[in-house]
Amino acid sequence: SFALTEANAPTIAGICARLDGLPLAIELAAARANILPPQAMLKRLESRLLVLTGGARDLPARQQTLRSTIEWSHELLDEGEQRIFRRLAVFEGGRTLEAIEAICGPEIEPNAHSSAGLKSLATLSVDVLDEVASLVDKSLLNREEQIEGGEPRFVMLETIHEYARERLVESGEAQEIGERHARFFLDLAEKAEPELNGDEQEFWLGRLEDEYDNIRAALRWAPEHAPELGLRLAGALWLFWEIRGYLSETRHMLSELLSQPRTLAHTIERAKALHTAGNLADTQGGHEAALDYYNESLAIYRELGDRRGAARPLNGLGLVAWSQGDFVSARSFLEESLAIKRELTNPSSISIALNNLGLVAHAQGDYTTARAYLEESLTIDRKLKDKDAIATSLVNLGAVAIDDGRYEEASPLLMEGLALFNDVGDIRGIADGIENLVGLVGQTGNFDRAPVLGGMAEALRDEASTPMLGPERVRYEHFLEITRSQVSPVNWDDQWAMGRRLAQDLERAMEYIMGSSVTD
């Protein structure tokens with residue numbers, strides 16, 4: 001008597017997706033439709049193997065429950081294949097061959113990063129590559145489509161993955177394999193961190209993005225098992241999180257890590273993680289929380305005599321003061337941070353401090369000083385070939401040019417900055433650039449574009465969970481007031497909604513932005 005309707009169709013589609021489209025799994029789910037309505041079934045399918053039982057009695061036993069079907073396939077594997085199959089369950093998302101070999105392969109000597117080494121695990125009987133090939137042949141592992149020349153990645157259907165996780169827990173290897181997994185992705189993050197300020201930025205952002213499901217899994221595993229390792233991982237990811245907009249969930253995970261008893265000692269790792277937590281909080285407007293994080297980070301760095309480290313929270317404290325309109329304190333913190341960075345010759349950090357001093361001077365209406373700071377910052381960024389930093393300096397220079405009445409100069413600065421933000425996937429940066437375009441069209445009479453741009457910016461900020469901060473908010477609201485008065489309310493609302501829709505397809509949004517000059 002079950003019928004597909006417009007009301008239940010999305011839920012049915014969700015059930016089929018949750019079951020990886022497997023015909024047997026869908027048939028077993030349908031057999032439960034007489035007692036579980038679709039919405040209740042979808043909720044229960046978090047544990048698929050417990051729900052999907054009770055197939056037709058005239059079928060072979062292995063086809064009467066999903067678990068039996070997978071178990072039947074599993075029992076056909078030899079011991080080595082079963083071992084790597086269960087170890088593969090530690091991954092989330094995809095797996096590269098390099099990661100599979102390091103995490104699921106034979107035991108290796110503890111490396112320099114290991115605190116106590118890993119317990120001895122049974123080694124695989126044959127080469128890992130052969131085992132992976134066998135699991136692919138048996139459809140227990142699938143190879144993803146890849147770009148030409150890229151490393152292959154392997155995935156498990158979620159129904160298979162759930163069964164493999166059960167086998168991993170039963171084997172007694174879960175702790176050791178979990179540690180291998182976390183250390184592998186810690187090594188990746190720490191290798192990537194210094195590269196995120198140079199000409200390899202896009203490559204390393206892409207590597208971290210590809211592995212972010214695994215990184216997220218390692219961060220979830222760390223608080224209970226290895227919180228110190230989790231702090232190191234979080235500390236290495238701060239710039240990736242800021243550029244790609246992973247803020248809300250990471251704030252929660254980092255807060256949990258920082259509250260663990262084993263991470264309360266005054267160490268460099270804690271100080272760096274506190275600084276990262278301050279950045280995440282401040283970016284989302286949590287200024288009081290950011291102050292607490294930055295002040296504790298600064299105290300630890302100073303206690304440990306780490307001046308290079310201390311320059312980081314000093315910079316953060318300057319940004320909080322800027323956000324709150326305390327420009328005197330902001331300048332003081334940022335100048336102290338810059339002095340340390342110049343002394344220790346850290347170009348990317350020097351650029352950050354200069355850029356932020358430019359923000360302060362701009363907010364104070366000192367456009368000449370703001371331009372000087374931002375142009376010096378841009379020169380450093382271009383030498384480093386750091387696209388995200390170049391884009392930040394360009395957009396900030398464009399903002400100064402708008403407020404200084406140099407509209408023809410502002411447009412190319414903003415356009416170049418927006419293109420670079422798009423290259424690296426910095427959603428918050430794109431929103432910032434678009435908001436300045438709203439100001440530019442308001443000053444140059446191209447009012448009809450303003451609501452479309454405003455809708456785009458609003459949607460992108462919603463996506464990144466990054467509200468506008470104090471001085472930026474006041475300035476932007478002034479821009480909106482100017483342009484809104486020149487457009488009819490109906491047109492304004494319609495165009496704003498169109499901008500929000502455009503933002504759902506960033507490629508189309510960028511085509512709209514770049515498609516015509518805003519100064520015509």
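Helix 23 (residues 407–424) has 18 residues and, at 1.5 Å a residue, should span 26 Å; its end C-alpha atoms lie 26 Å apart, in agreement with that figure. The expected span used here is 1.5 Å times one less than the number of residues in the helix. Helices (H or I, at least four residues) and strands (E, at least two) are DSSP runs, numbered from the N terminus. The model is a predicted one, in which local features need pLDDT of at least 70 and side-chain atom pairs count only at pLDDT 80 or more, while totals for chains, interfaces and linings use all residues. Residues are numbered from 1 along each chain as its sequence is written, and side-chain values use heavy atoms, with hydrogens and water left out.

Helix 23 contributes a set of buried residues, namely Ala410, Ser411, Leu413, Leu414, Met415, Gly417, Leu418, Leu420, Phe421 and Val424. Here buried means under 20% relative accessible area, exposed means over 50%, and partly exposed covers the range in between (1.4 Å probe, protein chains only). The partners of these buried residues are helix 11 (201–210), helix 14 (238–244), helix 22 (387–403), helix 24 (427–444) and helix 28 (506–515). After helix 23 comes Gly425, which has a positive phi near 75°.

Turning to the chain as a whole, it holds 28 helices and 3 strands. Of its 520 residues, 52% count as buried. The protein chain exposes about 23300 Å², of which carbon and sulfur atoms supply 51%; accessible areas come from the Shrake-Rupley method with a 1.4 Å probe, and for residues only the protein chains shown count as cover. Among contacts (heavy atoms within 4.5 Å) with a separation of 6 or more, 66% join residues 24 or more positions apart.

The strands form an open sheet of 3 strands in the order 1-3-2, with antiparallel pairing. Strand 1 (95–96) and strand 2 (142–143) are the edge strands, each pairing on one side only. Two strands are taken to pair if DSSP finds at least two bridges between them. Strand 2 meets strand 3 (residues 153–155) in the antiparallel sense over 2 bridges, and Arg143 has Phe154 of strand 3 as its bridge partner. In general, strands of a sheet pair through backbone hydrogen bonds, either parallel or antiparallel.

Salt bridges come next, and the count is 32, taking a salt bridge as a side-chain nitrogen of Lys or Arg within 4 Å of a carboxyl oxygen of Asp or Glu. Glu79 and Arg83 form one of them, at 2.5 Å from N to O. Both residues lie in helix 6 (residues 79–87), 4 residues apart, or about one turn of the helix. Glu79 is exposed at 58% relative accessible area, whereas Arg83 is buried at 7%.

Another salt bridge joins Glu336 and Arg302, with the closest N and O atoms 2.9 Å apart. Glu336 belongs to helix 19 (residues 327–344) and Arg302 to helix 17 (residues 287–303), so this pair ties together parts that are 34 residues apart in sequence. Glu336 is partly exposed at 35% relative accessibility, and Arg302 is partly exposed at 49%.

Asp462 and Arg500 also meet in a salt bridge, at 3.1 Å from N to O. With Asp462 in helix 25 (residues 449–464) and Arg500 in helix 27 (residues 489–502), the pair ties together parts that are 38 residues apart in sequence. Asp462 is partly exposed at 49% relative accessibility, as is Arg500 at 29%. Finally, Arg371, Asp404, Arg406 and Glu409 are linked in a salt-bridge network.
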